[in-house]
Amino acid sequence: MALLETNNIVKNFGGLIAVNKVNFKLESGRIVSIIGPNGAGKTTFFNTLTGIYKPDQGRITFNGRPLNGLRPDQIASRGIARTFQNIRLFGNMSVIENILVGMHVHLKQSSIDTLFHLPFFKKEERESEQKAEELMTYVGLQGVGNELAKNLPYGGQRRLEIARALAADPLMLLLDEPAAGMNPQETEDIIRLFRRIRDEKGITILLIEHDMRVVMNISEQICVMDHGEKIAEGTPDEIRSNTQVIEAYLGRGAAAGQHEEKNA
Amino acid sequence: MVPTFWTDIIKKPEQGIYPHIIILAHMILGTGLVYISPRSNLAFLVLITSFFTLYYFKADQRFKLIVGVVLTLFILPVVGVRNIFYLEVIFQISVFAALALGLNIVVGFAGLLDLGYVAFYAVGAYLWAFFGSQQYYVLPFAPGTQPSNLPFLLPGDAFYLFMFAAIFVAALTGILLGTPVLRLRGDYLAIVTLGFGEVIRVLANNLDKPLNFTNGPQGITPIQRPTMPQAAVDVFNKLFGGVVGHEVSPADMYNVMFYLLALAVIIVIVFVTRRLDDSKIGRAWTAIREDETAAIAMGIPLVKMKLAAFAVGASFAGVMGVLLAGSRTFISPESFSFMQSIGVLSMVILGGSGSIPGVILGAATVTILNLQVLQGLSLHLSQLRQSDAVIPIINFAWADLSTQLDPAKYQRLLFGLILILMMIFRPAGLIPSQRRKRELASDEAEGGE
Amino acid sequence: MKRFLKSINVPELLRPLGQLIFFSLGSTIFLSAIALVLALILDRTVVGQTLFERLNVSLYTYTLVNLPQVAIDGLTIGFVYAAIALGYTMVYGVLEFINFAHSEIFAVGAFVGVEILIALDTFGILADASILMAYIYLILAILGGMLAAGGLAVAVERVAYRPLRHASRLVPLISAIGVSFLLQDVIRLVESLTTGQFNRIFPTFGNFDSRVILAKMTMGTTPITLGMSIKSIIVIVSAVLMLVALNYLVNATKIGKAIRAVAQDHPTASLMGIDVNRIISLTFLVGGMLGGAAGVLYALKFTRIDPFVGFFPGLKAFTAAVLGGIGNMTGALLGGIVLGMLETFAGSYMGVFTMGAAGSEYKDIFAFSILILVLIFRPQGLMGANVAQKA
């Protein structure tokens, strides 16, 4: 059974159809990319999955249960964690606190535990602090736990966002342009990190990405969107040779190339 | 420059014996000055700023604790009994510090701009004002027409119970008011809370009919004072009688007691605030303040956490409301105007929203400015008016100055200036909030990093 | 001259007029219907009996006879709200920011206008003014109030808002609250120092206080005259003129086009060669001028002003702006009229309908209840598009 399944998802904004009847299946344990030109509806699709937007039509099933009608926080606690296209960290909180916020759904401390610092509270705080530090090391952010998140360099902020998402122990990780603005070396590192997350933690990864090196390198399956619709799906090789995709998307490769240069 | 004791102090205020000396010296100087001239505002300022020295300099924690206890529990009450005006100032600082700390949870931690915060203060105050007075028996009478020999509904002992009850009543009010509106965006929420504040005030003004709950604009009086054991007066006299210099009357002792009660509430609030701040709840609040979308994507239930902030903040205000009603024995809607809400907000903003020491400093500064500087100016002006002094050069007689020009009434000017200047020049406040530094294993592994 | 006349976009002049008439009539009919239905229902209950015993008239007749007066009063205050609401909505449209100090801009306008008239009065000019001259002096006062308020609005933006334009949303709002409080006391200080008191009275002159009698009738045994004071007519006419002029400025001129462009998108507008800062200043100027004029009209209508006079009208006008859909100018007109009507209807009839338990003393919080309901159930307002929050 698929981990995530969407059935005819539709989202429109006052006449503009941002996501149009998208059917999408994601098997557990895979790394899948969604690509498509700017404005194709990729981020809107993400926002619909995570409950930030309510779909106008269609059904979303995750891990065997419907997600329709749930609030974003309820969806998050079902095991979907995400990062954002334009990094959204809690800038004035320290790095480790950002990760601790990610653990929110798993912390069981009650207000009584908190007020009186009962043993359970102390134990849970100690353990989560430890786990947060492990995660920092895991994504390559050692020794900056007490820095404010806003003071990290760009690459560090991207990593912290991933660590924060991992802290929720998700079943699925949604990454919105995780390699944007990174140089080739950083990009390579982050691809390796994604593989490790999938291989070692067994987390399913769905990412939106413009950087074709990343997409072709990491994806086991690619879904192509244009004008809110899914126009193709397949392995990287299939997508590379799909004429519809080339027309809609890769035909604008020059533009994509410029985009990368500007960011590098 | 020759290194001397003084240069050492200036250079090394952060280490060794010097900070301890500075703290002690400041406290003793302040106490001495106030003792010598009990009517001097300046002397009192010197004394009260010793709290700042105590906070600012790095000294042994136990030493700080002892000095703090001596200052708050010994010196201030004695000074206050010798000059009751100081006690009033200290009491008001405590009340506003507690209110500001409560508002700080809503504004500083959760980032929700609540412009009607005194509504909860009013709820607490009217709670005790109704049950701790004759108002229950006045219900069928229009204001001013009630018979004169009505009994009190509850005895003074119930006051202490109501301080606890107010926590829940105010929190419940917070939840009731918050539930429909906490989904709103920040700036809309601000205006709506302002509306709620006004609604509560208008209700207090008009609920003298059909049943007379609040006695309308005239307010409720007399309100029961809490019972104070005679032993308290005796103990205080025995302990401090010598330094005070005269027998302390029960009336004075009441003022001391209210100050101590306010202090106790503050200590509880600071304790609760710090514990919450450093837990799942506090982190969720800060996350919401920083970025709502990211917070909800991390599984934080926005409305529930915002309601929690609203309720906790409200409960603090409710307790202080009961305390106010008990200490003043008179409550009217005027005490709960929009201006009061903004006053408390300006304390939070001035001190530093989200910062506990900052907010207390803000409350103290604004209260002192209000009570001592503005009122001092008023006094000074009215003296000048009565004299036949003349402003030189423009040849303007002070006596001709409008009596409307009473600086004590220009609180709005003060609050307004504070808000504008802080937003433009120092939005984080005088003492910005600091994230707690954790002792992390990985930090040590990195060594100098 | 001919070319100038040709360049006037007539539909843009007529459209807002049509809207205003439509909104006024619509809300009058709607609210009257509600009031009459309520009266019919309550007539058979104890409410009707009480009234009958007191005035010897049925509740339905009472309601019906009072309706025209209530509607006229509602319309008058509604137009004042609309003029203030436009200031909020224009600034919000351009900066997405609630200009909390707009209520004091309004108050400053009122004070400057009233002080001009008081100054004229002390020289005895007003007392012997002919009717024509009285109107000229009134216009002079309105213009003075407009200039002062507009200038102040621009200055406030420059000093207290512009440095905070890129800060988070609540920062400029807090600064605006600060400005509001500061201005209240500055008005009070200036008035106290110069005149010795801070409550000012709009001088009596001209024929503003006389009434135009519309109809005479009797209710039970009491004779009733239906009329409209000249004041109210002046308020309505000037408000309509201003609203039409503003609509023309925004929708039919080059400057208006620039304002709309800036409201859409600052960076793009500035790439198109629009000086964004200048347009923002201009928006504050226009909004402030409208507020200032509304202030003088308010003083004319209600006679007595004090430094805190702006608070409630300001909040209600903000409510009106939200009710209509903040950022939407037609919405502000609609919101102002509807709110003014609602409030006056409630203030006039609630007391009778509830047998005095809750009367016009709740008028002020009535607006808040509407604000809260609108924000909960239709945050985009009556006319606003559904704008998702900008990330």
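Into which domains is chain B divided? In this predicted model, chain B consists of domain 1 (1-82), domain 2 (88-336) and domain 3 (350-435).

**Figure 1. Domain 2 of chain B touches domain 3 of chain B.** The contact joins 14 residues of domain 2 of chain B to 13 residues of domain 3 of chain B. Taken over C-alpha atoms, the centres of these two domains are 25 Å apart. On the side of domain 2, at least two residues each come from helix H6 (84-109) and helix H12 (250-277) of chain B. H6(B) has the largest share of that side, with eleven residues. By class, the side of domain 2 of chain B that touches domain 3 of chain B holds nine nonpolar, four polar and one charged residues.

**Figure 2. Helix H2 and helix H5 of chain B pack against each other.** H2(B) covers residues 18-36 and H5(B) covers residues 61-82. Their axes lie 12 Å apart and form an angle of about 5°. Because angles under 35 degrees count as roughly parallel, H2(B) is described as roughly parallel to H5(B). From H2(B), the contact takes His20(B), Ile23(B), Met27(B), Thr31(B) and Val34(B). From H5(B), the contact takes Phe63(B), Val67(B), Leu71(B), Ile75(B) and Val79(B). Eight residues of this helix contact are nonpolar and two are polar, with no charged residue.

**Figure 3. Chain B meets chain C.** Here 35 residues of chain B are in contact with 37 residues of chain C. On the side of chain B, the elements that give two or more residues are helix H9 (158-181), helix H10 (186-206), helix H16 (338-351) and helix H18 (411-425). Which helix gives the most to this side? H10(B) does, with eleven residues. The side of chain B that touches chain C is made up of 23 nonpolar, seven polar and five charged residues.

**Figure 4. Domain 1 of chain A touches domain 2 of chain A.** Domain 1 of chain A is written as two stretches, 1-79 + 170-264, and domain 2 of chain A as 89-169. A distance of 26 Å separates the centres of the two domains, taken over C-alpha atoms. Ten residues from domain 1 of chain A and nine residues from domain 2 of chain A make the contact. On the side of domain 1, helix H2 (72-77) and helix H7 (184-201) of chain A are the elements that give two or more residues. H7(A) has the largest share of that side, with three residues. This side of domain 1 has seven nonpolar, two polar and one charged residues.

**Figure 5. Residues 253-264 of chain A have pLDDT under 50.** For chain A the mean pLDDT is 89, and 94% of the residues reach 70 or more. Over residues 253-264 of chain A, in contrast, pLDDT stays under 50. For this stretch the model has seven contacts beyond four places in sequence.

**Figure 6. Chain C has helices and strands.** There are 14 helices and four strands in chain C. Along its principal axes, the C-alpha trace of chain C spans about 70 × 55 × 50 Å.

Methods. Residues are numbered from 1 along each chain as its sequence is written. Chains are lettered from A and ligands numbered from 1 in the order in which they are written. This is a predicted model: local features need pLDDT of at least 70, side-chain atom pairs count only at pLDDT 80 or more; totals for chains, interfaces and linings use all residues. pLDDT is the predictor's confidence in each residue, from 0 to 100. Two residues are in contact if their C-beta atoms, placed from the backbone, lie within 7 Å. Axes are lines fitted to C-alpha atoms, for helices over the stretch in contact, and angles run from 0 to 180 degrees between N-to-C directions. Angles under 35 degrees count as roughly parallel, over 145 as roughly antiparallel, 65 to 115 as roughly perpendicular and the rest as oblique. Ala, Val, Leu, Ile, Met, Phe, Trp, Tyr, Cys and Pro count as nonpolar, Asp, Glu, Lys and Arg as charged, and the others, Gly among them, as polar. Domain bounds come from an automatic or database domain assignment.
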